[in-house]
Amino acid sequence: MCHTSARNPDFYRLLLRIDQDFAEQTRSQHCRRCRGVLHSARYRRKPRGLTRQARAECGDFRYSFCCAECRRRTTPFSVRFLGRRVYVAAIMVVVSATRACAGTAAAMHQLDELGVPRATIAQWRRWWQTDFVSTPFWTLGRAAFVPPVETVQAPASLLERFAAALQPDPLLCLLRWLSPLTRSSAMSTVHEGR
Ligand SMILES: [Zn+2]
């Protein structure tokens, strides 16, 4: 189910549109330090883990802004990129989830096709189990889940909750839910994952 979304170019077109909305909101709020006007200062990104078509829809940049007055950088939330990882967030989540719940043979085969190195997957798993669960975001956010989410199974357990809430696309919901983590101030806990 989630694998289908994560490989579908249309899904990335939608994610780009959501990131566009986040960017417009951020720009309209001006600089948080001095209220100055924000100018576009995008980061170049090479989204890994996608087909050429999906990559074209996803875009190869991260929205970001620079204040015209004090030069402070403001980077909006994103549903496409989680921290400075080279893989897109959707692939990181789906691969981590499949590993977490030891998915079906077909799901495992699809994972192999993505060609994510084992060391990277292990790093992502560690991030979910140590860094993610120690963020203030999770400390506050976990209360929304009743009964509590099994963190050992994250992000599979989180995807299951969004699916159980009859969300039409649990992966999209999870990416949206995680997006506050992608703001620059929250990125100190999101390490480079290669
Ligand atoms: Zn400023």
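Here, a residue counts as buried when its relative accessible area is under 20%, as exposed when over 50%, and as partly exposed in between (1.4 Å probe, protein chains only). With 2% relative accessibility, Ser-179 is therefore buried. Ser-179 belongs to the segment after H9.

A word on the ground rules. This is a predicted model, in which local features need pLDDT of at least 70 and side-chain atom pairs count only at pLDDT 80 or more, while totals for chains, interfaces and linings use all residues. Residues are numbered from 1 along each chain as its sequence is written, and side-chain values use heavy atoms, with hydrogens and water left out. Helices (H or I, at least four residues) and strands (E, at least two) are DSSP runs, numbered from the N terminus.

Back to Ser-179. Contact means heavy atoms within 4.5 Å. Setting aside neighbours within four places in sequence, Ser-179 touches Phe-22, Phe-77, Ser-78 and Val-79.

For the table, axes are lines fitted to C-alpha atoms, for helices over the stretch in contact, and angles run from 0 to 180 degrees between N-to-C directions.

| Pair | Angle | Axes apart |
|---|---|---|
| H8 (residues 156–164) and H9 (residues 170–178) | about 115° | 8 Å |
| H2 (residues 9–28) and H9 | about 25° | 12 Å |

Angles under 35 degrees count as roughly parallel, over 145 as roughly antiparallel, 65 to 115 as roughly perpendicular and the rest as oblique. H2 and H9 are therefore roughly parallel to each other. On the H2 side, Phe-11, Leu-14, Leu-15, Ile-18 and Phe-22 make the contact, and H9 brings Leu-171, Leu-172, Leu-175 and Arg-176. Sorted by class, the contact of H2 with H9 has eight nonpolar, no polar and one charged residues. The classes go like this: Ala, Val, Leu, Ile, Met, Phe, Trp, Tyr, Cys and Pro are nonpolar, Asp, Glu, Lys and Arg are charged, and the others, Gly among them, are polar.

Over at H8, Leu-158, Leu-159, Phe-162 and Ala-163 meet Pro-170, Leu-171, Cys-173, Leu-174 and Trp-177 of H9. The residues in that contact of H8 with H9 are nine nonpolar, no polar and no charged. Buried in H8 are Ala-156, Ser-157, Leu-158, Leu-159 and Phe-162. Just past H8, Leu-166 has a positive phi of about 60°.

Finally, there's H6 (residues 118–131). Its buried residues are Thr-120, Ile-121, Trp-124, Arg-125, Trp-127, Trp-128 and Asp-131.
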